[in-house]
Amino acid sequence: MLRVAVVGSGPSGVYAAQSLVLQREVPGVRVDVLDRLPAPYGLVRYGVAPDHEKIKSLTGNLRSVLEDERIRFLGDVEVGGAALSTARLLELYDAVVYCVGAARDRTLDIPGEDLAGVHSATAFVSWYSGHPDAAPFDLTGVRSAVVVGAGNVAVDVTRILARGVPELEPTDMPQPALGVLAASGVREVSMVARRGPSQGRFTTKELRELGTLPGVGVTVDRSEAALDPAYADPDAAAALPAVARRNLEVLRGWARAGADGSASGSARRIALRFHLRPVEVLGGPDGRVRAVRFERTAPDGRGGVVGTGVHEDVEAQLVLRSVGYLGVPLPGLPFDAARGTVPHAAGRVLRAGRVSVGEYVAGWIKRGPTGVIGTNRPCAKETVSSLLQDAGALAARHGPAGDPLDALRAAGLRPVEWPGWLAIEAAEERLGRSLGRRSVKIPDWAGLRGAAGRG
Ligand code: NAP
């Protein structure tokens, strides 16, 4: 039997576990999927926006994998902490696949970034997704928000800020977050890109959705957009990838509607701004953010932009920087700080350039924070195929050992197993019913552990 630990139960971890049990080359593989949190599914539970029910429904597929009899879910187990080092984990299992994602956000590195009211989009996402480590948000006094960045996360947080409560109530958003958003006085959200409309990283479906929000008008500044040659000249756009061409069509439509005045009169407004790069966050006398200073940019002809020396201040009482995720080092694992990933060769962890026998990576910690959920499937497959090629050497690494779960318990860990997770799910449904809503997330450690019967 080959015993494998997969660390992380997000899409990459679950796809790695699935690849391991579905293959036929090495019979008798058993997989423990460990997670720091008592709940599985990683960013599908704690990153995918609550109003994106179709993507959320992916949990159905992930669930059926975790319910396979050859796979065990062991939640509330922190790897790399005092109770369980990476070295100890490698003693307990024949192989370990790290699928720990990219937990931190990138920073802007500009003056004023630490002012009150400036946050990472990931912190905001964690809060409205009910992550038990998330700090609460207070939107009192916020009328205008600036979201820096033009990726799908920027679109998510822009949409959630602009959405009305009737659309959020049917989601599983925790009640405290829903209450704060319900009381919010946000009227304008500016999503600001440093490059042009053809260079947005958002996908068209996500972009288009901004134009479907009840009571929300979307504006695009024509003169800013037209700085991008591909926006101004459809012939120049012909060479672009299809997603960029589709995005341009959507943005041109909004720019035309804005010129006709049809975007005015809405209760809330989303302003899509281009060719502005943040240079400073400006504070008021109360020490809170009052505006973001941007420098206008112009295309440099090579896909990048250059500063023009012209500045514009955009008023905001809330700033969310949404400029990408970053991997964090796991104590005991090698780390490439510049890339925010673990060095690897086809998924095999490299220590000082040499393969570390028995250690593997998959997902964002392997390739960086890019791609959609499905991208993790081939990524995990590549890693698992490396692991299977190594199976002979892995099985010979140490003799037959007992059940690793006994060793984890002996180390003082009290994993939340699958029945514990099902009890959390049931408690979230009961909570939802008591609030007149559908299933509602429990957003704190004590609540999650209590629901799992770990009180
Ligand atoms: P992302 O797609 O990498 O976008 C990052 C954005 O930040 C880019 O617009 C980038 O602009 C900008 N940026 C970077 N540094 C900046 C700086 N110093 N100043 C101003 N702007 C800066 O990252 P993400 O939005 O966090 O998404 C991460 C991944 O998750 C992506 O693969 C995304 O598609 C995926 N995701 C998907 C969904 C979905 O499918 N619904 C939802 C959420 C996330 P430049 O292009 O100029 O560098």
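## Basis

In this predicted model, local features need pLDDT of at least 70 and side-chain atom pairs count only at pLDDT 80 or more, whereas totals for chains, interfaces and linings use all residues. Residues are numbered from 1 along each chain as its sequence is written, and side-chain values use heavy atoms, without hydrogens or water.

The chain is divided into domain 1 (3–103 + 327–415) and domain 2 (107–321), with bounds from an automatic or database domain assignment. Their centres, taken over C-alpha atoms, are 34 Å apart. Contact (heavy atoms within 4.5 Å) involves 12 residues of domain 1 and 17 residues of domain 2.

About 1,200 Å² is buried between the domains, 53% of it on carbon and sulfur atoms; this is the accessible area (1.4 Å probe) that two parts lose on being put together, summed over both. On the side of domain 1, Tyr46, Pro50 and Asp51 lose the most area, together 48% of what that side buries.

Three salt bridges cross the interface, each defined by a side-chain nitrogen of Lys or Arg within 4 Å of a carboxyl oxygen of Asp or Glu. Aspartate 51 and arginine 159 form a salt bridge at 2.7 Å, N to O.

## Helix H19

Helices are DSSP runs (H or I, at least four residues), numbered from the N terminus. H19 (residues 418–434) has 17 residues. Its buried residues (under 20% relative accessible area, 1.4 Å probe, protein chains only) are Trp418, Gly420, Trp421, Ile424, Ala427, Glu428 and Gly432. Glycine 436, with a positive phi near 70°, follows H19.

Terms used:
Helix = DSSP H or I, 4+ residues; strand = E, 2+ residues; numbered from the N terminus. Expected span 1.5 Å × (residues − 1). Buried < 20%, exposed > 50% of the residue type's maximum accessible area, 1.4 Å probe, protein only.
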